[in-house]
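Morning, everyone. I will take one structure today and go through it part by part.

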Amino acid sequence: MTARPVPAPPDLSPKNPDWWRQAVVYQVYPRSFGDADGDGLGDLKGITERLGHLAALGVDALWLSPFYPSELADGGYDVIDYRDVDPRLGTLDDFDAMAAEAHRLGLKVIVDVVPNHTSHLHVWFQEALAAGPGSPARDRYVFRDGRGAHGELPPTDWRSVFGGSAWRRVPDGQWYLHLFTPEQPDLNWDHDDVRADFRTTLRFWSDRGVDGFRVDVAHALVKDLADPLRDLGDPELSAETSLTDLPPGSHPFYDRDEVHEIYRDWRRVLDSYSPPRMAVAEAWVPNARRVRYARPDELGQAFNFEYLQTPWDADALRQVIAESLDAARAAGASATWVLSNHDVIRHASRLMLPPGTGTDDWLLSGGTRPPVDEAAGLRRARAATLLMLALPGSAYLYQSEELGLPEVADLPPEVLQDPVWEQTGHVQKGRDGCRVPLPWTSAGPSYGFGAAGSWLPQPGWFGRYAAQAQDGVAGSTLELYRTALRLRRKLTEGETLTWAADTPPAVLSFARTDGWRCVTNLSAAPVPLPPGEVLVTSGPLTDDGRLGPDTTAWLG
Ligand code: NOJ
């Protein structure tokens, strides 16, 4: 693998309002990144100490999953106070120090905002419980009387994303809505207090120098609360699958047209800063509807989960890439790409699962049915990453994918923390397998995560993937990411690609600016490379210079 001289970095100066359109953003899951105080839980100082890793990797920004005070009923997405730091993770001063160090290193900082629900320990919900039925305090959430002779049945058939009814009854007999865990009551976005408070939160973090926001469950905030509430009609429908079964905009709580007014309002707040703060929507809705969240007068970007869910298949990938670019262009947004995050099986394992594999069953089998060939998984993951990094738009990386880390699929039930495990009655293990604190060193306490253990057990094989074991090692996954990200910096002009006409079956080939080209071989046999200088490859070429199966090359 050969690398060209380091090109000039993209303009990340405060003057460039569009820095995010082609940025590479690195997701940090704060509790699993670095543990400075040795209590087994990652913290802000632990992140600050390791920011050099991100700068050396060559990413443009880091996005932190929630670090706010939380009971950890849902890994921090149950927020008790939106404008503070969980004492176990540090203080606001620690946050400021972390942001200052990131900025000194040329890294932008994006934080998570969780507007669909609070923690049940949030002061508003505690007030609502104490105030009783019909009180103004209850009106900030979605409280309703139950059905049945004594109100003993939930108000509707709506299901929680994590399983079971989306309603919980409180001692005075009323029910409240929770699309996620019962510890995450949904807010009522028709309420002025709710709208005003989130504007305050956006300003609070923007004033502290935060460069952008990732918006949790952006598509769920507005519900159709007209009385009586509507049933979905099919009790078997999960909250997620019901979306695609209904005409666009007609679902009682997902992807309603009224939600966009909230983001137009937020854009006005974000644009009052210089440069304007960026935002990216987490919205699990189909491409054509998803980009509406990314319109220039709304959030600007939305995660592309269709890409993440696309199997390792050339035709399917070509189609989703083309559709994603078209949809983003039509909306005036920049495209986004993501392969891994804290909610899905790491792509070094996921992309190897045969189409149709039930991922829940795979995790329940401890990753044994079917077994995943580790070396093949790594080869494919590297090819997928190099393909993703060649696409126009913004790429989101998840911590330690740069180490090629596979999923920890065999966590024993007794250590699982994800509420999904209990809420599904032990049918789904949940997302802990991608949240295990990452290995920095090949040996030693918690593989360099901290001085003590880690809140989820790390497997014995973790040391092989440690950053230390890969640093400076030619051909390592860490060095591949570094090389690719250095090269990518010269490609940040233009947001288009041109597909090559003459590709063999199961090969993806496209050109970016200046004739720069990416070729991925998804077939089972080596294929010849087009003419050009090989800049980087995800794996070795064959002896006769051809591109092997599950390999990507960039050519100049
Ligand atoms: C999406 C987050 O990514 C996920 O981790 C969380 O469980 C839900 N939203 C609820 O906040």
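Which residue in strand 16 is the bridge partner of Cys518? The partner is Trp554. Before going on: this is a predicted model, and every value I quote is computed from it.

Let me stay with strand 16, which covers residues 551–555. Strand 14, residues 517–521, pairs with strand 16 in the antiparallel sense, and five bridges connect them. Strand 15, residues 534–537, also pairs with strand 16 in the antiparallel sense, over three bridges. There, Thr537 stands opposite Ala553.

Is strand 16 mostly covered or mostly open? Mostly covered: five of its five residues are buried. In a regular strand, side chains alternate between the two faces of the sheet. For strand 16, one side carries Thr551, Ala553 and Leu555, the other carries Thr552 and Trp554, and all of these are buried.

Next, the ligand. The shell around the ligand holds 14 residues, and those that come nearest are Asp74, Arg214, Asp216, His342 and Asp343. By class, the shell divides into seven charged, four nonpolar and three polar residues.

Which distances do we find at the ligand oxygens? For Asp74, an N or O atom of the side chain is 2.6 Å from an oxygen atom of the ligand. For Arg214, a polar side-chain atom is 2.9 Å from a ligand oxygen. For His117, the corresponding distance from a polar side-chain atom to a ligand oxygen is 3.0 Å. How much of the ligand does the protein bury? The ligand taken alone exposes 300 Å², and the protein buries 97% of that.

Asp74 has a further partner. Its side chain makes a polar contact of 2.9 Å with the side chain of Gln184. Gln184 sits in the loop between strand 6 and helix 5, the helix being residues 192–207.

Three strands form an open sheet, ordered 4-6-5, with antiparallel pairing. Which strands are at the edges? Strand 4, residues 143–144, and strand 5, residues 167–169, since each of them pairs on one side only. Strand 5 and strand 6, residues 175–177, run antiparallel and are joined by three bridges.

Last topic, the aromatic residues. How many aromatic pairs does a search of the whole structure find? It finds 32. I will show two of them. The ring centres of Phe67 and Tyr68 are 4.5 Å apart and the planes meet at 45°, so this pair is tilted. Both Phe67 and Tyr68 are buried. The ring centres of Trp461 and Phe462 are 5.2 Å apart with the planes at 70°, so that pair is edge-to-face. Within this second pair, Trp461 counts as partly exposed because its relative accessibility is 23%, while Phe462, at 0%, counts as buried. There is also an aromatic cluster formed by Tyr82, Trp189, Phe198, Tyr263, Trp266 and Tyr293.

That is what I have. Questions, please.

Technical notes: Residues are numbered from 1 along each chain as its sequence is written. This is a predicted model: local features need pLDDT of at least 70, side-chain atom pairs count only at pLDDT 80 or more; totals for chains, interfaces and linings use all residues. Side-chain values use heavy atoms; hydrogens and water are left out. A residue is near a molecule or strand if one of its heavy atoms lies within 4 Å of it. A polar contact is a pair of N or O atoms within 3.5 Å; within protein, one must be able to donate a hydrogen and the other to accept it, and residues adjacent in sequence count only if both atoms are side-chain atoms. Accessible areas come from the Shrake-Rupley method with a 1.4 Å probe; for residues, only the protein chains shown count as cover. Ala, Val, Leu, Ile, Met, Phe, Trp, Tyr, Cys and Pro count as nonpolar, Asp, Glu, Lys and Arg as charged, and the others, Gly among them, as polar. Buried means under 20% relative accessible area, exposed over 50%, partly exposed in between (1.4 Å probe, protein chains only). Helices (H or I, at least four residues) and strands (E, at least two) are DSSP runs, numbered from the N terminus. Two strands pair if DSSP finds at least two bridges between them. Rings of Phe, Tyr and Trp (its six-membered ring) pair if their centres lie within 6.5 Å; planes under 30 degrees apart count as stacked, over 60 as edge-to-face and the rest as tilted.
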